[in-house]
Amino acid sequence: MVDLQGQYQQIKETVNTSIEQVLNSSAYINGPLVHEFQADLEKYLNVKHVIPCANGTDALQIAMMGLGLEQGDEVITADFTFAATVEVIGLLKLTPVLVDVDAKTFNIDIDALKKAITPKTKAIVPVHLFGQLANMDAVMEIAKEHNLFVIEDNAQAIGADYTFKDGTKKKAGTIGNVGTTSFFPSKNLGCYGDGGAIFTNDDELAHTIRGIVNHGMYTRYYHDVVGVNSRLDSIQAGVLKAKLPLLDSYCEARRNAARFYNKTLSVSENIITPTTNACNEICDTCNCHVFHQYTLQITNGKRDALHKHLLEKGIPNAIYYPVALHSQKAYADSRYKESDFPVTNELIKTVISLPMHTELDQEQLTFITQTILNFVN
Ligand SMILES: *Cc1c(COP(=O)(O)O)cnc(C)c1O
């Protein structure tokens, strides 16, 4: 699905230099490169505070802790996402409220979100799924009206831009009260191990979160709150500092591959190619989808057969996600009715994600698309 080796070969020298710098300094934890990467990312995202942490799941958990959410508070998120989003809500003994997604963007459905709000609702977690921003005009409006926090799960959309109705632009993850991301190797900005970060423009929240990631310490050995130990190590920060300047070109390489997939595969009546209508600009030219995944819907019931066929032909592909969160044993709840999730229940049967990375060449793209068209038509 991704070609991490091919990408590494292109950037070997700069990455190795960064890693050697850490090895030569022995500053493995909280070394200078962590602070340099943090500052670079703040500048890139145009956000006041980036707080690095150990992974994207921790980032979500720490964001929720930082906002002071308490047992019983309801947190609304999408039914169609990676489990990490809802896992941390459960871990903190908050009450997850899963809602259906939009049939075109696969992101949180705005009507379903509105219906799910109760007096106990405290936060909304839009997930910018597969690299495309949720409808943030609507999410922010609803949050304002009901006085709710917005935590953007931006693990899949770092580098994407959102254009608001009034024309202003913001980077994904910097729109809500707080945004989180993951630097897992296969993410769009990936390190060579685990890593994550939290973004916010709120000075007070940033201060709180800086303590939480470090055992609740604001002064050394004085623990004001119960915190966690969640750090981005210096070697990973070195890798990320070397790769950040390439992020925009990586996004563009992904969009180029997506354009070819779109053009070639949309001719089939059995395939729905991804819709990119997240923002209010013409999406062919803007950057509101950074294609963390390129995900088709196969509408003639041949999805599972195609999955097997492609594997036999040596073409990696994956079903993200095969089970709706509301159907998972860990997250099932008698409040949920199947009729509340028509879109997610359909998507889990029809979606298939194709190889998507920065090193796809024309020959590979042609082979992949021809193999798919020959099979589904
Ligand atoms: C990858 C991912 C996470 C978790 O990130 P980790 O670094 O693996 O903990 C959370 N949410 C979404 C949507 C993800 O894709």
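## Ligand site and local features of a predicted model

An oxygen atom of the ligand lies 3.0 Å from an N or O atom in the side chain of Lys 187, which falls within the cut-off for a polar contact (a pair of N or O atoms within 3.5 Å). The structure is a predicted model, in which local features need pLDDT of at least 70 and side-chain atom pairs count only at pLDDT 80 or more, whereas totals for chains, interfaces and linings use all residues. Residues are numbered from 1 along each chain as its sequence is written, and side-chain values use heavy atoms, with hydrogens and water left out.

| Residue | Protein atom | Ligand atom | Distance |
|---|---|---|---|
| Gly 56 | backbone N or O | oxygen | 2.8 Å |
| Asp 153 | side-chain N or O | nitrogen | 2.8 Å |
| Lys 187 | side-chain N or O | oxygen | 3.0 Å |

On its own the ligand has 380 Å² of accessible area, and the protein covers 91% of it (Shrake-Rupley method, 1.4 Å probe). The ligand sits in the largest pocket. A pocket is an open set of points on a 1 Å grid over the protein atoms alone, where a 1.4 Å probe fits and protein lies on both sides within 12 Å along at least five of seven lines; a molecule sits in it if more than half of its atoms lie within 2 Å of its grid points.

Around the ligand there are 13 residues, of which Gly 56, Thr 57, Gln 156, Ser 182 and Lys 187 come nearest (a residue counts as near if one of its heavy atoms lies within 4 Å). This shell comprises four nonpolar, seven polar and two charged residues, with Gly counted as polar. Helix H3 (56-66) and helix H4 (84-91) each supply at least two of the shell residues; helices are DSSP runs of H or I with at least four residues, and strands are runs of E with at least two.

Elsewhere, the structure holds 12 aromatic pairs (ring centres within 6.5 Å; planes under 30 degrees apart count as stacked). Phe 130 belongs to the loop between strand S4 (121-125) and helix H6 (136-146), and Tyr 321 to the loop between helix H10 (303-312) and helix H11 (342-350), so the pair ties together parts 191 residues apart in sequence. Tyr 321 is also joined to Tyr 320 by a cis peptide bond, with omega about 5°.

Definitions and conventions:
A polar contact is a pair of N or O atoms within 3.5 Å; within protein, one must be able to donate a hydrogen and the other to accept it, and residues adjacent in sequence count only if both atoms are side-chain atoms. On a 1 Å grid over the protein atoms alone, a cavity is a set of points where a 1.4 Å probe fits but cannot get out, and a pocket is an open set with protein on both sides within 12 Å along at least five of seven lines; lining residues have an atom within 4 Å of a point. Rings of Phe, Tyr and Trp (its six-membered ring) pair if their centres lie within 6.5 Å; planes under 30 degrees apart count as stacked, over 60 as edge-to-face and the rest as tilted.
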